[in-house]
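Look at the sequence and the 3D structure below.

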Amino acid sequence: MEQTQDQTQDQTHSAYTEKIISNIEMLSTIGKSYRKTIYKTNDLIKIYSDNMRIKNINMGEKYINDMIININNIFANVSRQSKYDLIEFVNSVILYSFKKISFKYTKKKIDPELPDYTMAEIKDLAK
């Protein structure tokens, strides 16, 4: 029996979602070790949030604090039923944070770029 393109995409999305959710659960409970330091979800959120704060310093403290609350809410509420965009955002934050940690220890010359999300997009994802 042949699968339609939509069924194949649903299965791919489902496998991707499962992988990301499993990653988040692992990071929340036992963390991931890098150079004898254990990093958990909150550590990765802090790395991302701190760098967003630096990038958007001219936006004002309240706006930035709201953004950090939104990021925390996104991570707290992500589930297997979450929209693809939300799962993709969470994955990009995790990947960015580990690239940033690696950058710190390896002394690479090029700092990793922040994922391309605006504060407004983060606010929309948190809804």
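Helices (H or I, at least four residues) and strands (E, at least two) are runs in the DSSP assignment, numbered from the N terminus. Counted in this way, the protein has 5 helices and 2 strands. The model is a predicted one. Starting at the N terminus, the order of the elements is α-β-β-α-α-α-α.

Some totals describe the whole chain. Of the 127 residues in the protein, 36% are buried. The accessible surface is about 8600 Å², and carbon and sulfur atoms account for 53% of that area. Among contacts between residues at least 6 apart in sequence, 62% join residues at least 24 apart.

Now take helix α5, which covers residues 119-126. Which residues in α5 are buried? They are Met 119, Ile 122 and Leu 125. These residues span an arc of only 120° around the axis, so they lie on the same side of α5. The general rule behind such a pattern is that an α-helix has 3.6 residues a turn, so residues three or four places apart point the same way. The buried residues of α5 pack against α2 (41-55), α3 (61-77) and α4 (84-106).

Two of these partners, α2 and α4, also pack against each other, with their axes 9 Å apart and at an angle of about 85°. Angles of 65 to 115 degrees count as roughly perpendicular, and α2 and α4 are therefore roughly perpendicular to each other. By class, their contact has 9 nonpolar, 2 polar and 1 charged residues. On the α2 side, the residues are Leu 44, Ile 47, Tyr 48 and Asn 51. Those they meet in α4 include Phe 89, Val 93, Ile 94 and Lys 100.

Key. Residues are numbered from 1 along each chain as its sequence is written. This is a predicted model: local features need pLDDT of at least 70, side-chain atom pairs count only at pLDDT 80 or more; totals for chains, interfaces and linings use all residues. Side-chain values use heavy atoms; hydrogens and water are left out. Buried means under 20% relative accessible area, exposed over 50%, partly exposed in between (1.4 Å probe, protein chains only). The arc is that of the directions from the helix axis to the C-beta atoms. Contact means heavy atoms within 4.5 Å. Axes are lines fitted to C-alpha atoms, for helices over the stretch in contact, and angles run from 0 to 180 degrees between N-to-C directions. Angles under 35 degrees count as roughly parallel, over 145 as roughly antiparallel, 65 to 115 as roughly perpendicular and the rest as oblique. Ala, Val, Leu, Ile, Met, Phe, Trp, Tyr, Cys and Pro count as nonpolar, Asp, Glu, Lys and Arg as charged, and the others, Gly among them, as polar. Accessible areas come from the Shrake-Rupley method with a 1.4 Å probe; for residues, only the protein chains shown count as cover.
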